Each structure stands twice: as C-alpha cells, then as structure tokens.
Amino acid sequence: MMHYVCKYTPVELFAGFGEKYTVLDDMPDNFDLSDRIAHPNLCGFGKSVIQSALSKGIDKLVLVNCCDTMRRVYDIIKDSGTCSFLYMIDLPHKCGYCQKEAFTESLLHLKSAYEKYTGKQFDRNAFKSAFPPLQRVSGPYVGILGARVGREIEAMIKKSIPFPVRNLTCIGNRSLSMDINALENVPDEKQLFMIYADALLSQLPCRRMNDSTARRCLYADPNLRGVIYHTIKFCDYYGFEYSEIKDKLTVPILKLETDYTRQSEGQLQTRIEAFSETLSGLENKKAKKRSSIKEHFVAGIDSGSASTDIVIMDQNKNIVASVITPTGGSAQSSAGKSLDEALHKAGIDRSSISRIVTTGYGRSYISGSDESITEITCHAKGAHYLNPAVRTVIDIGGQDSKVIRIDETGAVRNFVMNDKCAAGTGRFLEMMARALGLSLEEMSTLGLNWKEDIIITSMCTVFAESEVVSLVAQNKAVPDIIHGLNNSVAAKVSTLVNRLGLKEDFMMTGGVAKNTGVVHAIEDKLGIKLYICKEAQLCGALGAALFALE
Amino acid sequence: MDIIKTFGGMIENMVPKNPMGARRLLLMGYRAQRLALSALAGKKLPPSKRYVARAVMDVIIRALAHPENAAMVSMFTPCEPLSVAGITPYSIETLSGYLSGTECEKVFLDHTAGEGIPETMCSFHRIFIGAADTGLMPKPKFMVYTNVACDGNMITFPYLSHKYGIPSYFIDVPYEKSEDAVQNVAKQLKEMSAFVGDMTGRPVTEDALREAVGRSARTVSNYINYLGYQKERRLPGDLTSEMYAVFMNHILLGTKESEKYSRMLLDDIKKAPINSGLRLLWLHLVPYMQPSVKKLLNFNGKAFITTCDLAYESMIPMDESRPYEAMARRMVYSCYNGNPKGRILQAINMAKRTGADGAVIFAHWGCKATIGAAQIIKKALENEGLPTLILDGDGCDPSNSSDGQIATRLGAFLEMLGGKSK
C-alpha cells in the first residue's frame, strides 16, 4: 500500500503499476516517537507523518516538497531507514511553462524510481482508468477550509453541524481536470506526462503556491453557509488566509487551531458545538419553543476547570440563590454538592427544580441535566441579562480565555479563544502567584502600587515562571513584577479582542474579572472601560439558567 | 537611563497613532547612530568591521528615506541586477533586525498577533509585516524574492505585494541540484533583470552584470581566504558583525562596498595576532541581541565565532563571462537549497578551514528548514568529530527565548570544548 499526503501527488501513476494507495492523515495521540528524533517545533502534521511512519511500519511513502516541514520530514524518515520506498516529489511554486516542464521531469523520475523498485512495467490503461470522474455537488453546506484536518476532527465536525459538511482542505479538494479520451491519441510518453503534470498543477492552488488568488472562489460560493477554518500550530501558510478573509466573509466563521493530535478534543468539541448553535440560531428557537412553559425554579450549572458555579432562578428571571465552589474530584460530584448547597440557600428542595441546564467543560459529564449548552453561548446569554448594552464579552477562566461578540438580543455573532497554551488564563496567574509565594487575592491588588515598568517577555508559562524567579533573584519589587505579569495577560487578551475588533460596551466575566490588577491592565492596553459586576463569575451559570427558563 | 529602550518606547508609542511620525523619528535616530559610528568608530572593532557597520546602516537609511528607489528582497535573491540598475535592495530580515535592535519590535509583533497571523512564524517576518501593516515601513518600488532557504518568503512577499499594491518577481528554484536546474533558474534571472529594467527605466545590460558578477567572484574569493586565516588568528568582533557579513555576502554582493569590505577583512586578519581561543562554527542566524550569547562571545578571545553558514552558504567559484548562469548556480548549489547534506558538507569544509573546535546550530523559532534538519546535521558533524550544540532561541523576539537556559547550554558547551581540546 502506497501512502501519500498531498493532492499534487500523482496517485494515478501508482495505479498504472497496479499499486493501491491511501492518504496518510491519522491524528496520533501524541508525538513521542517523532519528538525523539525531530524538533518539537515542526508543524503538527509533519510530526504526525513521522509518528505514523515510525509506529505503523509504513513501508511505501511518497511525499511532496510542499514546505520546509515536509522537506525535513522526508530527511528524518529517510535517516530513520524505516521505509523501503520513500520518495519526495519536487513540486514547483509556479505554473509557468518552465515549471510544467520541470514537473513533468519530476513525474518521469518518480516513474523510473518505482519501476526500478518493483521491477513492474507501467500500464497505460490502468493509469487512465484510475482518474475519478469530476463530481458536482449542490445545495447549502458548511465548508472546512484552511490547513488539512485529520479524519477524527472531520468526523467530529460532521456530527455536530446541522448542514452537510464539505472538507475543502488539501486532499479534500483534489480534482484533476483531464480529458481521459484525449490521452488515447498521445503516443509519446513525455507528452502524456506533460498533460498529466499540467492537470496536477492546474488544480485549485494550495496556499503554498506562489499565486493562490484562485482560492477566492472557495469563499464566494453562494451555497456556503459557514466556514470552519482550521490551522495547525507551526504551519504558517493558512493563518494568513484566515487574516485576509475573516473580516470579508458574509457567513459565520470559526477558527480552530490544533497541533494535529487528539489531545484537545474536549475544547474543540466546545467550539464546534458553540458554532453549531450560532449557525442554527439555537437561542431564538429555544426561546420560542419554551416561552409557554410555566415553571417555578430552574438551575444553571457551570462546571469549570477551577470552580463549579450554580444559579437558581425563578420564573420571573430573579436569581434566588447562587453558589461558587472549587471543582474538586469529578464534575458530577462537584455539581451534586454545589447544587445541594444552592438548594439549601434557596430554601427549596430538588423536586422544585423543573429544569437544569449544564455548561462548562464538565457539562457532558453531569447526569440528571435536561440539556447541556456550551459556555460560549451561555456567557453571551448571561452577559446580556446582566447588561443589555454589552456587545463584547471578555471571559477569562481557569484554563482558557475567550472573547465573544454578541448582538442586541444576546445571541453569539462571533468568538475567539486562546489556543492550548495557558498564557493569558487564570492558570497562568495561579502559577505565577505560586512562584511568588502569594495568594491570588494578594496578586489581584499588589500590582496596583507598581513603580518600575517591568516587561515580562515570555508568553510561555514555563519560561515566564523562570523569568519571574530570576526577577525575584534580582531583588525586583514584587508589585512591579505583578504589574508586568498583569500586562502580559492583558497583551494576550488584547490580541484576541483585536481579532474580533473593538465594539462597545465591554464586559469582563470569569474568575479573573475579580483580579483588579488584570482588569486595569486590560483597560489601559485597549483604551476601554470594562463593565464588571458582582455576578461576573456566575455569568455562565446564569446563562444556563436563562436557557433552562426559556 | 537606557537610551535605546527609551527611544524604542517612543517609537512604539507613536506607531499606532502616527506611523509616519514614528518613521521620521526612527530615521532621525538611525542618522544620529550613523554619525556616532563615524565619530566613535567602535574602537574595539577592526577597520573592516567598523566599515561594514556604516555600510549596512547606509542601506537601511536609504531604504527608509528613499523607498521610491528601493526594492524589498529575500536574503538569497541575487541582487547584482538591482545594484546595476541603481536600486537599493534591502532584506526584510535586516530591517526587522534593526527594529529589534532599536527595541521597538513588540508593537509590530502585537499587531500581527491581533491580525491572526500565526505567532509560530519566523519573528523576522512577523516584525516586518507588522511594520509594513502599521505604516512604519514605506512602500518600496517593487520586490524580488525566491523560495530558497525559507518558506516565510512564500508567505510574506505575496502578502505584502498585494497589500502595498506593488509588482513583484518570484524566482522559483528547483529543490534538486542539477545543470538543468541551473539553466532553468538562469532563464528566470534573465527575465528578472528585464523586470528590474522595466521597473526602473534603467536597462540592466549584460556588460554591467558581468562587471558586477566579477566583483562578486572577487569578494567570495577574498572571504574564503579570510576564513583560512581564522585558523590561527582572531579579529576582535561582536555577534552583530557576523550578521553584517551575511548582508554583505548576499544583498550587497556585486557592489564596490562588498568587495572593499572583503579586502579590508583580509588585510585586517593578516595583521591580527595569533590566538588559541575556542573557535565556533555557527550554523544559521546569530542571535546578536541575546544577552547571554553576547556575554559569552562578544569580544572574547577565549571563545569566538569564526563564521556562520549564512555568510558562506553559496561560496562557489563564479564564471563572470556567463553572469546569469553564475548567479543561478549560486542559488541552485547553495547549501541552503536541497537536502541537509549540502549544509553538512559545507560545514565540514568550513570547520576544517577555520580550525573550528565545535559547531552551534541555532534553532531559530519558526524556521522549520533549520530546526527540522538540526538533529541530522548534529549527528553527521559529530560523526566527523566536531562536537555540536543545538541552541533553541529566537534571533529577534526575546519572548521566544529563555536567556537563562541559553546561558547554561552555551556555557556548558564551551566548558566541554575547553576541557576537551585546550
């Protein structure tokens, strides 16, 4: 079985030798084998190819000289000696005559190399019959665009999105425009391969090609209902396309960044579900469906990484009781204990609660709830309840930070989240507080009395921690260090806000909203005023309760 | 008071509201620095290294002050046709290096992050894009670039060509080294020269190109001779001087300035004292801003860099009578083109030539070409008996480096080499 990774690979050529072929696009659980022999800062897909080649005993692999990472992936696998047939095709960056000639030579070289390897003869008829017919697809769809996605993410998206989903990344959009019958009259092999090279190079360009303007047709399709834009950490090509299209698209767009492993499936699921809710106008539908139900009490449970928050609300949208407790043990047991405490505070029993909606990371692990909705949609709902003028919600929680754009009804219009890195989250502050030997409460105000403007250059939590330790060793004043840390969080969060654009009024929610130093730093950095209220940390649970009520 | 930090802070504050004002202020600062270079002349440096600091600064000043007569290029673009046409070529890496040296890079990095441009991309490219996007960098007349050595070029140049609305020429260099590839690239270089002629209204004649390539050939020959003297002698220097050498051997190659610099280097080293300090062969960018590396290697007779592979990557004989082929051969047979074998062989040659005790591969953040090959190169060099260190860091964005970790790694490596060979 021949494995390949790129749409410019001449797979039909292998059919000409009677060889079967398949795409190598598994998302591994980790990169342990790759990290032993390759640098960790290669792009995740490149590392996944190395990992697969080493772990699955792939014997025949053909790569394309796509980018610096793939060139090095070839070198590394070759050095490891695990493949009996390993080949890299030299793909030009332009489609001029010079380049087509050179690519024809590359294809002929590959053919010779494979002939030599197998001792088989190339069969023209088998080659010609391998070309798939061009497919025409119609009707509305959501497109997966950007850098290639693994089959696991593609399946997750297809399961969650209420429209047909088309994977238009990399091999997903492989399509050769060839008049197969015309090949009958081409006696000369070089001429035949020139036509083949032309068809391969004339495909919809990937971003690696020098001129990729033809890709605009991907975004201009009237059937496109939404875009899930995927980028891979340390693959730089597609971030630029995202930057170019994000403000021009008229359909909703969700940016997903992965390292091409399955390590952050939970976070990805949250984003995809929230996007799906946006697409289907869930908020409005739910409001309509449930407006007639008359009930007395509902509960919203926000099961976060750091705390479990509960809001009990009556039918007139009054908060009857609320509880914030640290999440300890399982999401289920924390939610159970917190709900009991909230019921006690409200002076009611469990049977008085007619409906429970859960949100947060642990939302799917809590049994007994009527529905679970992502914290993004719930935060928007809660923020709108607390202040209807709010259009931008900045939520910094324990393990992630997000910025949500909401409309005048409280519905989500767009959102962005931090990547897997902890920079700019509550966890970052927690670790820095530990390094300084302070409590989070002390951290929140100590930095307000700073004198020297210290810049913490490292965004990485691990590097920042060692930077803090070395600043302490230099006898720098603790308030100055904290001020530097607050500015570091503010810089990271401001980046997310700027990605959505500044739109008043601004509200900050999540546990970090209680940190006065960070709040001031964000206000200074963005030149805005943040609305903060005492219910800020309850915003997600509040939104969940509102959904339960509706 | 730290003057550079204060000046950089002023630039950073001005950029969002008044980028043109920030540019004028920057230019004023660079002109003042140019005067300082002439007056104080960096007494610790030999004449050749003082000269090169001024020559490169002149290019940067011209690029900022007269963008209508400047072209943006990638580091491995042959610039002889541009200098023949009287155009100031400048590389984005050099401009970003200057901005980082002025300590105002953060405003540009933050801007690109806000635009959704990946933070994993090479920081030199991100700083430049930020400077262009915010309006600090003026629009050049045109751009010329190539895929050799760096994928970042394939992103940055098309992006900025579109953004600025200026014409560009791209030289597509095949990955495989062959005479067919040389002919293919030579054809493109002929086209590129015609493009430069059209852009400037000053045709690039083959006679003028022959002269320029002749200067390139003499420069390369002088530089190789200079490296031979490094085996016994040492010219005092700093990390920045190594990066200037890269600029001279690429962007200004073929100019009188570059030839003069190589001659001066050769004269200086002939007069330099014999030195038995540790000699390092450096692969990839030299992190001239990194405090720990500066402390260990700047003006240090006990350990110093003899040369860096970016400075010698295309040091092959050139036939000036066939200028397009000579330039094309330089690109195709550059050790940065193709698989890492080229870099390994070139490093072994240069280590022998300069008497290197060890090699350092600088795994610059975002440069997949080098970080991906680092382990392979290290293994091959060590098999040849050359101890090799892979040093992770960033050439211009301090937030991607841990200075303490770099100090430990490089310090321990030097201790290891000292114990072993001296």
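Helix H11 (residues 239–248) of chain B and helix H12 (residues 256–271) of chain B pack at an angle of about 135 degrees, with their axes 10 Å apart, and H11(B) and H12(B) are therefore oblique to each other. Angles under 35 degrees count as roughly parallel, over 145 as roughly antiparallel, 65 to 115 as roughly perpendicular and the rest as oblique; axes are lines fitted to C-alpha atoms, for helices over the stretch in contact, and angles run from 0 to 180 degrees between N-to-C directions. Helices (H or I, at least four residues) and strands (E, at least two) are DSSP runs, numbered from the N terminus. The crossing of H11(B) and H12(B) is left-handed, a term used if the near helix is turned anticlockwise from the far one by less than a right angle, with right-handed used if clockwise. On the H11(B) side, B:Ser241, B:Ala245 and B:Met248 meet B:Glu257, B:Ser258 and B:Tyr261 of H12(B), where contact means heavy atoms within 4.5 Å. The residues of this contact divide into three nonpolar, two polar and one charged; Ala, Val, Leu, Ile, Met, Phe, Trp, Tyr, Cys and Pro count as nonpolar, Asp, Glu, Lys and Arg as charged, and the others, Gly among them, as polar.

This is a predicted model, in which local features need pLDDT of at least 70 and side-chain atom pairs count only at pLDDT 80 or more, while totals for chains, interfaces and linings use all residues; side-chain values use heavy atoms, with hydrogens and water left out. Residues are numbered from 1 along each chain as its sequence is written, and chains are lettered from A and ligands numbered from 1 in the order in which they are written.

Another helix pair in chain B is formed by H16 (residues 341–354) and H17 (residues 368–383), whose axes come within 10 Å and cross at roughly 50 degrees, so that H16(B) and H17(B) are also oblique to each other. Their crossing is right-handed, and the residues of the contact divide into eight nonpolar, one polar and one charged. Helix H16 of chain B also holds B:Gln346, which at 14% relative accessibility counts as buried (buried means under 20% relative accessible area, exposed over 50%, partly exposed in between, with a 1.4 Å probe and protein chains only). Not counting residues up to four places away in sequence, B:Gln346 touches B:Tyr312, B:Glu313, B:Met315 and B:Cys335, and the C-alpha atoms of B:Gln346 and B:Met315 are separated by 9.3 Å although the two are 31 residues apart along the chain.

The largest nonpolar core has 316 residues, of which A:Val49, A:Tyr196, A:Ile522, B:Trp282 and B:Leu297 touch the most other members; such a core is a set of buried Ala, Val, Leu, Ile, Met, Phe, Trp, Tyr and Cys residues joined through side-chain atoms within 4.5 Å. Its largest share, eleven residues, comes from helix H3 (residues 47–65) of chain B.

Most residues other than glycine have a negative phi, and most peptide bonds are trans. B:Glu103, however, has a positive phi of about 60 degrees; B:Glu103 is found in the loop between helix H5 (92–101) and helix H6 (105–114) of chain B, and at 33% relative accessibility counts as partly exposed. In chain A, the peptide bond from A:Glu504 to A:Asp505 is cis, with omega near -10 degrees.
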